[in-house]
Amino acid sequence: MNENEPRPLYMDFQATTPMDPRVLDAMLPYQVNYYGNPHSRTHAYGWESESAVELARKQVADLIGADPREIIFTSGATESNNISIKGVGRFYKTKKKHVITTQTEHKCVLDSCRALEAEGFHITYLPVKSNGLQLEESFRPDTSLVSIMTVNNEIGVIQPIKEIGHLCQSRKIFFHTDAAQAAGKIPLDVNDMKIDLMSISGHKIYGPKGVGAVYVRRRPRVRLEPLQSGGGQERGLRSGTVPTPLAVGLGAACEIARQEMKYDEHRVSMLSKRLIDKIMAGLPDVIMNGDPEKRYSGCINLSFAYVEGESLLMALKDVALSSGSACTSASLEPSYVLRAIGTDEDLAHSSIRFGIGRFTTEEEVDYTAEKCILQVKRLREMSPLWEMVQEGIDLKSIKWTQH
Amino acid sequence: MAASTVLRKSMGLTLTIRTVSNIPNLSDWARLKHCRHLQHSTSGARCQTACRSLHTSAGLCHSDEEGAERERGKDVVNVVYVDRSGRRIPVKGRVGDNVLYLAHKHGIELEGACEASLACSTCHVYVSDRHHGKLPEPDEREDDMLDMAPLLQENSRLGCQIILTPELEGMELTLPKITRNFYVDGHTPKPH
């Protein structure tokens with residue numbers, strides 16, 4: 001990007017978030033002054049680092065209603081998901097070899113399940129059609145774990161975590177939820193919702209990149225086979241020096257999120273409604289993907305019919321957006337999440353995800369809506385499909401031939 | 001024990017001399033060796049320091065009385081230890097015995113680094129499946145220490161927290177291949 005060009009507006013808060021300046025303030029002293037290893041037991045550098053890490057642990061625990069001893073710092077939600085799924089699966093594998101998850105999970109959850117499949121496990125990938133999750137029917141006597149994400153990163157849908165948690169607890173099955181997009185945005189309580197394992201990501205809640213946490217319940221005890229062997233740090237579940245500045249940053253981000261959750265939620269839903277109303281009023285044939293009621297308002301996934309998604313993204317070059325999640329954007333296939341919720345393939349190709357966060361302003365939302373309407377109209381003018389629809393031809397009746 | 005050790009050291013003596021009563025067929029020297037071998041039994045044996053003359057009060061080595069009772073078959077609980085090489089060692093324990101100290105008494109390599117104070121995981125054992133459910137629920141601190149043990153399984157417990165009861169008859173205690181104090185050179189620490 002040219003230095004003189006103004007930077008694009010950032011509307012991709014599901015991919016990552018800017019670090020809150022207050023979090024940076026909390027982290028800096030631990031980068032240059034209080035730089036001790038928190039596991040050094042014998043001197044003040046170690047003691048001050050350890051107390052900072054323990055304070056951060058408490059801040060993370062308070063966000064989700066957990067005990068600080070139940071929080072393990074990791075390198076991010078991907079590692080937390082790997083630890084939860086592979087760890088629980090492998091520990092109980094002598095008697096239980098079945099894991100249940102959904103088709104709309106994040107790639108790291110699906111890939112961890114695939115790795116277990118290669119080790120001889122049976123995995124059930126539940127479909128997520130409009131009649132809800134058929135969870136109870138898929139329980140087996142040898143089910144050890146259910147993994148269902150709280151808020152989807154592509155379409156913003158919120159799963160009924162409390163009901164799922166109670167159902168799993170009644171059958172003595174462990175319940176893991178990937179709360180990377182949910183923690184700090186919607187209220188979560190691991191005891192109220194009967195969650196046994198939870199993954200948290202630092203850079204989704206205005207914290208530093210490269211840190212996350214996993215909540216592992218102590219009562220009743222959830223046992224894991226650790227992925228990372230070493231000196232036994234973090235209860236033996238994740239060996240390795242805990243990065244004090246990153247942990248402090250995560251703690252500060254969680255504390256800020258807990259205090260400002262209500263205010264942020266109100267503001268984000270107001271901006272979200274503004275964006276959707278403007279776009280829907282300005283354009284016909286716009287479909288919102290995902291459940292309209294049970295959703296997090298900051299993640300809006302819209303499909304613009306008869307327009308190709310990638311070309312719209314290129315046309316909106318002064319707004320930073322994405323179609324599908326960041327981890328699948330390299331491939332040309334439309335998102336598997338949209339396919340799983342039953343979106344038509346042509347609509348899946350034309351979907352754009354708008355992300356609204358703590359630092360989004362009204363002007364940004366208005367500008368995005370106006371530009372979007374302008375560009376979609378322009379692209380539709382060029383589209384032969386749009387012409388055919390205007391003439392009244394039903395596109396579904398056409399037989400396309402290859403040549 | 002610590003105070004009397006200090007006392008003995010201050011008097012410049014290195015021998016601990018105890019008197020023993022009524023052990024048939026043992027000479028004096030053998031009795032002395034016998035007592036020192038039983039130094040780390042759970043019940044405290046009375047020991048007297050010599051200040052230039054032998055005290056001969058009626059001190060008893062309690063373990064020997066226990067040994068006599070064991071022969072009579074009262075409160076016997078038979079357990080089997082399976083050591084790291086797979087060798088099965090049947091042991092006659094008594095009700096109320098601590099599994100860790102019972103192992104030490106029979107020379108089994110169960111390391112108890114913290115001496116049953118729930119501060120380590122070196123006495124980690126696998127309990128046979130049909131007895132695992134009969135043990136009481138682990139204390140939260142025991143669970144915390146077990147979290148740190150390598151090669152953890154569903155039937156893992158800390159040996160120092162298992163007290164023998166009659167229903168644990170026939171229990172098999174398998175030692176895991178490694179403990180947290182793993183010595184890659186094959187060194188095994190002596191029990192203290």
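Student: How many salt bridges are there between chain A and chain B?
Tutor: There are 10 between chain A and chain B, a salt bridge being a side-chain nitrogen of Lys or Arg within 4 Å of a carboxyl oxygen of Asp or Glu. This is a predicted model, where local features need pLDDT of at least 70, side-chain atom pairs count only at pLDDT 80 or more, and totals for chains, interfaces and linings use all residues. Residues are numbered from 1 along each chain as its sequence is written, chains are lettered from A and ligands numbered from 1 in the order in which they are written, and side-chain values use heavy atoms, with hydrogens and water left out.

Student: Which side chain does A:Arg235 meet in a salt bridge?
Tutor: B:Asp147, at 3.3 Å, N to O.

Student: And how much area do the two chains bury between them?
Tutor: About 1,100 Å², with 36% of that on carbon and sulfur atoms; buried area is the accessible area (1.4 Å probe) that two parts lose on being put together, summed over both. On the chain A side, A:Phe91, A:Arg221 and A:Arg223 lose the most, together 42% of what that side buries.

Student: New topic: where does A:Lys204 lie?
Tutor: In the chain A loop between strand 7 (197-201) and strand 8 (212-216); strands are DSSP runs (E, at least two residues), numbered from the N terminus.

Student: Is A:Lys204 buried or exposed?
Tutor: A:Lys204 is buried, meaning under 20% relative accessible area (1.4 Å probe, protein chains only). Yet A:Lys204 has no salt bridge, and the nearest side chain of opposite charge, A:Asp178, is 7.5 Å away.

Key:
Helix = DSSP H or I, 4+ residues; strand = E, 2+ residues; numbered from the N terminus. Buried < 20%, exposed > 50% of the residue type's maximum accessible area, 1.4 Å probe, protein only. Lys, Arg positive; Asp, Glu negative; His and termini not counted.
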